[in-house]
Amino acid sequence: MTFVIRCLDCGHAAPFNPSSMHCPQCNSQWREAEYDMAEVAKTFPAEIKERPFDLWRYQELLPIRNPNPTLRLGEGGTPLIQAVNLGMMLGLPNLYIKDERQGPTSSFKDRQAAVTIAALKEGGVTEMVAASTGNVAIALSAYAARAGIKLWAFVTSLVPGVKMREIALYGSQVVKITGSYDQAKQIAAEFARQRGLYQDMGARTVTAVEAMKTLAYEIAEQLTMAQGPAAGATKDSPKWRTPDWYIQAISGGMGPLGVYKGFKELRQLGLIDRIPAMAPIQADGCAPMVLSWKKGLEKAEPVLSPKTRIETLATGDPGRTYVMLRKQVNETNGVFESVSDEDAFRAMHVLAKMEGISAEPASGVAFAGLFKLVRAGIIKPTDTVVVNCTGHTMPAEQFLFGEGWTRDVDLRTKQEQAPTPQEGLLSALNNVTPNRFPRVTVVDDTAEARRLIRRILQSQGDFEISEATNGREAIELVTKERPDLVILDLMMPEVDGFAVLDALRSNPETANIPVIVATAKELTVDEKGRLQGQIQSLMMKGDFLNDEFLEEVRSLIR
Ligand SMILES: *Cc1c(COP(=O)(O)O)cnc(C)c1O
Ligand SMILES: [Zn+2]
């Protein structure tokens, strides 16, 4: 597979480095993956026929070198459901619902999370930051849990408690910002910068746009299955179908950007000959793109204080995404439209009653937009329409959590509701974390064991974790870094855990560092004797639950 990351500003092409967020030549954050389409066209789509219908079916067109099957949760491959009743109601016989509720965490953000986390894992990232209106953080958390990546999720206080608890349930640290979503993004960026952590950049994240593309590929394949091959198809040159419209509720607009790119690539491959009209829908109370488009503006006027109850769609300042999306909407003869919260709730209810599909309010916005465009005669009765339907939240049991599972950052001053001036944003960050985390060194010669322990530690506490893969490295690392705790495997080739202990105990600088031995095998009486007085705790691998282990770690670090 051959692809490069192309800078949208200076045109520089670089190999993909998942943890780098800038063009190496001009520092721009706006880049996209570019594939050798002539090469891909040779094998695609013949090759994919035998593959399962999921997101990885399109791996030639995804920026992951070695997709790791152990990170998967069944992403992609969601059904395209014909909405017969709603279609009859609207006089729209070819109405389809792309049912993204059926992803692993019930929103189309699962695609983004699956591809992004796979890339970050390949890039060796172990800790990251993301700002979210809810669903991105839920999806990233689920995949991060599997990959052994710690996520700091910055969400606004408007995000419903059930969603915040779901993020926490997956072991991410929720940081609740009482302020706008745009402010939460700024704080998250500053936090990531201060700590040198990877930060999810929304629509500027190459992997996010690439992931959203797969919606287009699936829709084209599924429509072809539903309606038969498009005109001009032969056995040797298949033709896929394109809908006339793609409708989605938007916040930052990443979904449609990716879907557009997906259809564009199918056209480059000769599988389709046109791109559907794009119809991004916003809530009236936060519709910067719609208002700016209707005014004919080239740049979006931000909405400073969004007034919608549909917090999922609360991006007030779309920045450059608007410029890109506007071009695509205009080029495809699409439209931007907005609807009221009330219309969205009503549409949600209609959808549930007519089609048996219960979605979250953000998807109600998409359906209310559909109703409006049909009524206005912009969508014609003969058009084939696909609506992205997503989001259906898992209510995480509130009693699972004790106190303190969120960290609160209130940007308002005592008496008033107005947003805090910018300088307040940064000092507010100090409340999020202490300056120094307890440091833990994990010593184990197997990567899976190190990953498991790292995951247990990062899922519920703030630790600075370092790893040693053999005994010699362990002695060097512990002597140099003097961690607050060492978690030590016994059975390692050459310098084993016993030898590491002897070395640490005989050096006065490291003699008092507490050590937990985590071992896979039953110890002999003699071996137990050798550990006597040398270590603080002995745990059998596979025999402790994560909370027991954490208890032990906490008691030793205190
Ligand atoms: C994220 C999200 C949106 C907005 O998507 P963007 O393409 O990022 O603007 C809409 N609806 C739901 C349910 C979402 O989770
Ligand atoms: Zn550049």
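**Exercise 1. Find the partner of Asp 9 in a salt bridge, and state where the two residues lie.**

Solution. Step 1: the side chain of Asp 9 forms a salt bridge with that of Arg 320, at 3.0 Å from N to O. A salt bridge here is a side-chain nitrogen of Lys or Arg within 4 Å of a carboxyl oxygen of Asp or Glu. Step 2: Asp 9 sits in the loop between strand 1 (3-7) and strand 2 (13-14), and Arg 320 in helix 10 (residues 320-331). Helices (H or I, at least four residues) and strands (E, at least two) are DSSP runs, numbered from the N terminus. Step 3: the pair links distant parts of the chain, 311 residues apart. Step 4: the whole structure has 30 salt bridges.

The model is predicted: local features need pLDDT of at least 70, side-chain atom pairs count only at pLDDT 80 or more, and totals for chains, interfaces and linings use all residues. Residues are numbered from 1 along each chain as its sequence is written, chains are lettered from A and ligands numbered from 1 in the order in which they are written, and side-chain values use heavy atoms, with hydrogens and water left out.

**Exercise 2. Describe the shell around ligand 1.**

Solution. Step 2: sort the shell by class, which gives seven nonpolar, eight polar and two charged residues. Ala, Val, Leu, Ile, Met, Phe, Trp, Tyr, Cys and Pro count as nonpolar, Asp, Glu, Lys and Arg as charged, and the others, Gly among them, as polar. Step 3: strand 10 (245-249) and helix 8 (254-268) each give at least two residues, and helix 8 has the largest share, with three.

**Exercise 3. Which atoms of Asn 135, Gly 253 and Gly 255 lie by an oxygen atom of ligand 1?**

Solution. Step 1: Asn 135 places a polar side-chain atom 2.7 Å from an oxygen atom of the ligand. Step 2: Gly 253 has a polar backbone atom 2.6 Å from an oxygen atom of ligand 1, and a polar backbone atom of Gly 255 is also 2.6 Å from an oxygen atom of ligand 1. Step 3: of the 380 Å² of accessible area that ligand 1 has on its own (Shrake-Rupley method, 1.4 Å probe), the protein covers 96%.

**Exercise 4. How many cavities of 30 Å³ or more does the structure hold, and what lines the largest cavity?**

Solution. Step 1: there are three such cavities. On a 1 Å grid over the protein atoms alone, a cavity is a set of points where a 1.4 Å probe fits but cannot get out, and lining residues have an atom within 4 Å of a point. Step 2: the largest cavity holds about 120 Å³, a volume being the space filled by probe spheres set on the points, which are joined across faces, edges and corners. Step 3: it has 15 lining residues, and Pro 18, Ser 20, Tyr 198, Thr 205 and Val 206 are the closest to its centre. Step 4: helix 3 (109-122) and helix 7 each supply at least two lining residues, with the largest share, three, from helix 3. Step 5: by class, the lining of the largest cavity has eight nonpolar, five polar and two charged residues.

Terms used:
A residue is near a molecule or strand if one of its heavy atoms lies within 4 Å of it. A polar contact is a pair of N or O atoms within 3.5 Å; within protein, one must be able to donate a hydrogen and the other to accept it, and residues adjacent in sequence count only if both atoms are side-chain atoms. On a 1 Å grid over the protein atoms alone, a cavity is a set of points where a 1.4 Å probe fits but cannot get out, and a pocket is an open set with protein on both sides within 12 Å along at least five of seven lines; lining residues have an atom within 4 Å of a point.
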